[in-house]
Amino acid sequence: MTAYIIRRILMTIPILIGISIISFGIMQFAPGEPTALDLDPNISPEDREAQLEEMGLNDPIPVQYLRWAGNILQGDLGSSFITNRDVATMITERLPNTLVLMITSTVMTMVVAIPIGIVSAIRQYSKRDYVFTFASFFGVSIPNFWLGLMLIIFLSVQLGWFPVGGVGTLGGEFNLFDRLHHLLLPALVLATADMAQMTRYTRTSMLEVKNQDYVRTARAKGFKEGKVVYKHALRNALMPLITMFGLLLPTFIGGSVVVEQIFTWPGIGQLFLDSTFQRDYPVIMALTMFGAVLVVLGNLIADILYAVVDPRIEY
Amino acid sequence: MSEDTVLDVRHLKTSFFSKKTELPVVDDVSFSVKKGETLAIVGESGSGKSMTSLSIMRLVPSPNGKIVGGEVFFNGKDLVQQNDKTMYKVRGNDISMIFQEPMTSLNPVYTIGEQIREQLIYHQKISKREAHQIGIEMLQTVGFSRANDIMKDYPHRLSGGMRQRVMIAMALSNNPKLLIADEPTTALDVTVQAQILDLMRKLSKEYDSAIILITHDLGVVAELAERVVVMYGGQVVEEASIEDIFDDPLHPYTEGLLNSIPKIEGTQERLDSIPGTVPTPDNLPVGCNFVTRCPYAMEICKQEEPTLIDKDSSRKVRCYLHEEGVKNHGQQHRSS
């Protein structure tokens, strides 16, 4: 097992190098450059050229890449072209906000999707099942930016039940209730699509398991329906979901870009969007690599969990 | 119901419902099992034998399947009328079941020990330690020498024969009065089959459990059973002692079944087979269920369903050939 984990971690190295080369290239080929947003209209073309030269942006792309990679390997993420601040600091400032949002969404997804999926499967073709099925198609289809805006309009603006955005009331002391109050809507919007998707996966998985011979054996042993479902069926049904969960984890990053923008949530999603518009290359690269690591990590965790839950899998 | 009868099934009827049609899969089935006796239920695939056993356990797959009539008396109580709570106490405790598919009948994510123990703890309310001890003893009884190691193993590390032994150990661990074995040897290869049959014979004596053996294999029947119920199209077509069934089968279907097994002294090139297949429940013929495949079919067979009649004190048959009045006509037909 340990050998397997080490092997897997070593395997991530070429993957991350590949991702970094491709994303660096794509970023460079995109039109525009960091100086384009200089607001001073009086800047001369010569000065601008000098600025680019100074940033090293006139060097050939491979040279730029190697310089960037060399810095990264020394633990230096560089500094922002726009604010000149240290990228690592910028990210660590905002990361906790995003993590709180992601973890809350993940917990919400699991807490809602798994029980609903189980009920749907066990009462297949019942009224409840149809209601949940309809709701999950609704949840999958609804774009998160629209849902976010609608919730803000109705629940925040018109009814005034929730704050319009931000992580907490400005100027106030830290207050857990206030934080949760601000967290609920963005986390819900971020979780909606995944909740719907996971509900469907849970249902399918449970349907497959509930007619297995060993479930019948459990019934023949005289166990109550609850024990049959939760002890004998559920654990088997959850196994494929672990993989799904590993794949869902990185989608939160993508989702957070939109959700953080709508709810003015100062997280890395918002940072990602701003830095992309400003062609702030060091920030974009750092965040892209962060996302890549998260994807690789999600898959690794899923594989490891799989071996923990399923005794048939040995690494 | 006499003193030594363990199970008495009377006019049991189980149907499957699809949309608005009702498909009877078990139709008016009656038989009884005495204490310590081994009764075989024989029939082709689709004859309703497995559904009969699941009906006794009240484990017919819901919501499509349902027991629609009849009684199943066990210990003086009609199981059909019992609530779920009572059934939880009966299953795995008074009546145990072994299934056809040893490869998939054990839960892959729990150890053998866990699966044996949970049932003991649940029904006997004993400690985990005691349950573990009984589990080890049970595994030794079914022939595992390294019972302690097996308790810690997961099912995927055992062969099919070993898993079926585990299933038998599990089924017998609460000392059930009745053991239902649904094709226990079908999925196993022949040498392992013999071992499992030996084991079941030995254990049924030792534990004094009555056994209902469900099979399509008449060889297995000859090995184990004392009495035989032959099922066809969801109905009992013949019931007799093991000697009578093999020496003098009354129903044409039983006769056909016997003719389709190879005989050691014969020089047959090809085995006889019964033409056609078992009709599906939605496609049963009018009259006798077997009429379309019966070599002796008479006019009356196509018009009216025969009833199960007592031939003598220990034999029952559902066939006009053996009913007084129509019998002679049948004999004529047979010779022509």
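Visitor: Where does B:Gln82 sit?

Guide: This is a predicted model, in which local features need pLDDT of at least 70 and side-chain atom pairs count only at pLDDT 80 or more, while totals for chains, interfaces and linings use all residues. Residues are numbered from 1 along each chain as its sequence is written, chains are lettered from A and ligands numbered from 1 in the order in which they are written, and side-chain values use heavy atoms, with hydrogens and water left out. B:Gln82 is found in the loop between strand S5 (77-78) and helix H2 (84-90) of chain B, where helices (H or I, at least four residues) and strands (E, at least two) are DSSP runs numbered from the N terminus.

Visitor: And which residues does B:Gln82 touch?

Guide: Not counting residues up to four places away in sequence, B:Gln82 touches B:Arg58, B:Lys77 and B:Met87, contact being heavy atoms within 4.5 Å. The side chain of B:Gln82 also reaches the backbone oxygen of B:Asp78, at 3.2 Å.

Visitor: Switching to chain A, where is the kink in H6(A) centred?

Guide: The kink, of about 30°, is centred on A:Ile152; the bend at a residue is the angle between axes fitted to the seven residues ending there and the seven starting there. Just after H6(A), A:Gly160 takes a positive phi of about 70°.

Visitor: What do the buried residues of H6(A) pack against?

Guide: They pack against helix H7 (176-210) and helix H10 (251-262) of chain A, and among them are A:Leu147, A:Leu151 and A:Leu155, with buried meaning under 20% relative accessible area (1.4 Å probe, protein chains only).

Visitor: Why does B:Val220 count as buried?

Guide: B:Val220 counts as buried because its relative accessibility is 2%. B:Val220 lies in helix H8 (residues 218-224) of chain B and, leaving aside neighbours within four places in sequence, is in contact with B:Thr185, B:Leu197, B:Leu213 and B:Thr215.

Visitor: Now the interface: how many salt bridges does the rule find between chain A and chain B?

Guide: The rule finds four across the interface, a salt bridge being a side-chain nitrogen of Lys or Arg within 4 Å of a carboxyl oxygen of Asp or Glu. The side chains of B:Glu101 and A:Arg216 meet in a salt bridge at 3.0 Å, N to O. On the side of chain A that touches chain B, the elements giving two or more residues are helix H8 (213-220) and helix H9 (225-248) of chain A, and the largest share, seven residues, comes from H9(A).

Technical notes:
Polar contact = N/O pair within 3.5 Å; in protein donor to acceptor, adjacent residues only side chain to side chain. Buried < 20%, exposed > 50% of the residue type's maximum accessible area, 1.4 Å probe, protein only.
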